[in-house]
Amino acid sequence: QVQLVESGGGLVQPGGSLRLSCAASGSIFSMNAMGWYRQAPGKQRELVASITGGGRGNYADSVKGRFTISRDSAKNTVYLQMNSLKPEDTAVYYCKVDYVDGRWRGAVSWGQGTQVTVSS
């Protein structure tokens, strides 16, 4: 089983920046796609950004040009740099990873979530 540890959330003023991190540990043979999702109160969870094993990023239209996803494959860690934050970015942010475990089985794991609040 893979454990995900997220960090970097918090309270920030509009226009500010935050950097989220998500480190995966456990029985991992290979790490495939990694990504960030968010869920605001009363709304469905939505994809924010994802990155393939080859490093190709994909972004929701609402964050393009403001957020950057990256990964350190040696550390099984994914990052989300969030700039020019807006109040509508306020949500719980979840990390998700797709991986092959030590028994060569494909699996998905979710982080526990980290709160991001953008407010003056």
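Me: In this predicted model, which residue of β9 does Gly35 stand opposite?

Reply: Gly35 faces Lys96, a residue of β9.

Me: What makes β4 and β9 count as paired strands?

Reply: Two strands pair if at least two bridges are found between them. Strand β4 (residues 28-39) and strand β9 (residues 91-101) are joined by nine bridges, in the antiparallel sense; therefore they count as paired.

Me: How do you know that β4 and β5 pair as well?

Reply: The cut-off is again at least two bridges. Strand β5 (residues 46-51) is joined to β4 by five bridges, so the two strands pair, and they run antiparallel. Within this pairing, Arg38 stands opposite Glu46. Six residues lie between the strands of this hairpin, and Gly42 takes a positive phi near 80°.

Me: Why is Thr77 called buried?

Reply: Buried means under 20% relative accessible area. Thr77 has 7% relative accessibility, so Thr77 counts as buried. Among the residues that Thr77 touches are Cys22, Met34 and Ser70.

Me: What makes the approach of the Thr77 side chain to the backbone oxygen of Lys75 a polar contact?

Reply: A polar contact requires a pair of N or O atoms within 3.5 Å, one able to donate a hydrogen and the other to accept it. The side chain of Thr77 reaches the backbone oxygen of Lys75 at 3.0 Å, a distance within that cut-off.

Me: Why are β1 and β7 called edge strands?

Reply: The open sheet has the order β1-β3-β8-β7, with antiparallel pairing. Strands β1 (2-7) and β7 (67-72) each pair on one side only. The twist averages 15° from one strand to the next.

Notes
Residues are numbered from 1 along each chain as its sequence is written. This is a predicted model: local features need pLDDT of at least 70, side-chain atom pairs count only at pLDDT 80 or more; totals for chains, interfaces and linings use all residues. Side-chain values use heavy atoms; hydrogens and water are left out. Helices (H or I, at least four residues) and strands (E, at least two) are DSSP runs, numbered from the N terminus. Axes are lines fitted to C-alpha atoms, for helices over the stretch in contact, and angles run from 0 to 180 degrees between N-to-C directions. Buried means under 20% relative accessible area, exposed over 50%, partly exposed in between (1.4 Å probe, protein chains only). Contact means heavy atoms within 4.5 Å. Lists of a residue's contacts leave out its neighbours within four places in sequence.
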